[in-house]
Amino acid sequence: MTEWVQGLPGLSGRGRRLLLEGDTEHRYAGRTAADSGYRLTMALAVAVSQPGREWTLAQWWEALVLRPTAGGAWARSLRSRKGERYAEGKLAGMLDKARAYVGTSGTIVCRADAMVAIARLRAAVEAVVWPGPGGGTDLKNLTARLQLAEQAGGLGHEVSVRQLAELMGCAGSTVKPATPRLREAK
C-alpha cells in the first residue's frame, strides 16, 4: 500500500508517518474530532510545502482523498459530507495557506532546525528583564509556549487558557490578560 508514497517529493519520515498512520502522538489534538482532523491536515500541508518538497494539488488530493491513509481521514470525511468540489477547494486553500506560511517563515527543513530556532528564541526571552507587575507572568507565559513549541517541533502552536495556566502554574484569570499584553509589547 505504501509504495506510491516513495515516489512523492521529499516527504520527511515524520510527515510520512503522519500521512500513513495519522496523529498517533496526539500532537494535533483539538477540541473536536473535526478540529483535530483540520490541524493534522494543516500540519501535512506545511510538510508538503517545504522548499524542494512542494507537492502538486494532484499529489495532495491523491494522498489525502484517493488513498486510504489515516492522515487523510478528515479530508475523505469532508468530501463525503460536503461534496467533491467543496473538498477540493478547501484542500487547495489549505495547501495555499501552508505555502504562504512556509514562504514567510524562515526555512526550517527539519526538526533540528526548529530546535535551533526555539533555542535562539529561548535565549532572547531569558536575556530580557521582565519588569512590572505582569513581568513574571509574561516570562512564564513565553517559557510555557516555548515548551509547547519544543514538543510540537516548531514555533507554531495553539493552546487553551486552561492548558497554558496549568503549564504556567497559575490561574486562568492570570493567563487571560497576559497573552494580549505580550502581543501589544511586540
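**Ring pairs and core**

Modeller: One aromatic pair is counted here, where rings of Phe, Tyr and Trp (its six-membered ring) pair if their centres lie within 6.5 Å, with planes under 30 degrees apart called stacked, over 60 edge-to-face and the rest tilted. This is a predicted model, in which local features need pLDDT of at least 70 and side-chain atom pairs pLDDT 80 or more, while totals for chains, interfaces and linings use all residues. Residues are numbered from 1 along each chain as its sequence is written, and side-chain values use heavy atoms, without hydrogens or water.

Biologist: Which geometry do the rings of Tyr-38 and Trp-74 adopt?

Modeller: Their centres are 5.8 Å apart. Because their planes stand at 80°, the pair is edge-to-face.

Biologist: Which helices hold Tyr-38 and Trp-74, and how many residues apart in sequence are the parts they tie together?

Modeller: Helices are DSSP runs (H or I, at least four residues), numbered from the N terminus. Tyr-38 lies in helix H3 and Trp-74 in helix H5, so the pair ties together parts whose separation in sequence is 36 residues.

Biologist: Is Trp-74 buried or exposed?

Modeller: Buried means under 20% relative accessible area, exposed over 50%, and partly exposed in between (1.4 Å probe, protein chains only). With a relative accessible area of 13%, Trp-74 is buried.

Biologist: Over the face of which residue does Lys-82 lie?

Modeller: A charge sits over a ring if NZ of Lys or CZ of Arg is within 6 Å of the ring centre and within 35 degrees of the ring normal. Lys-82 lies 5.2 Å from the ring centre, over the face of Tyr-86.

How values were computed:
Helices (H or I, at least four residues) and strands (E, at least two) are DSSP runs, numbered from the N terminus.
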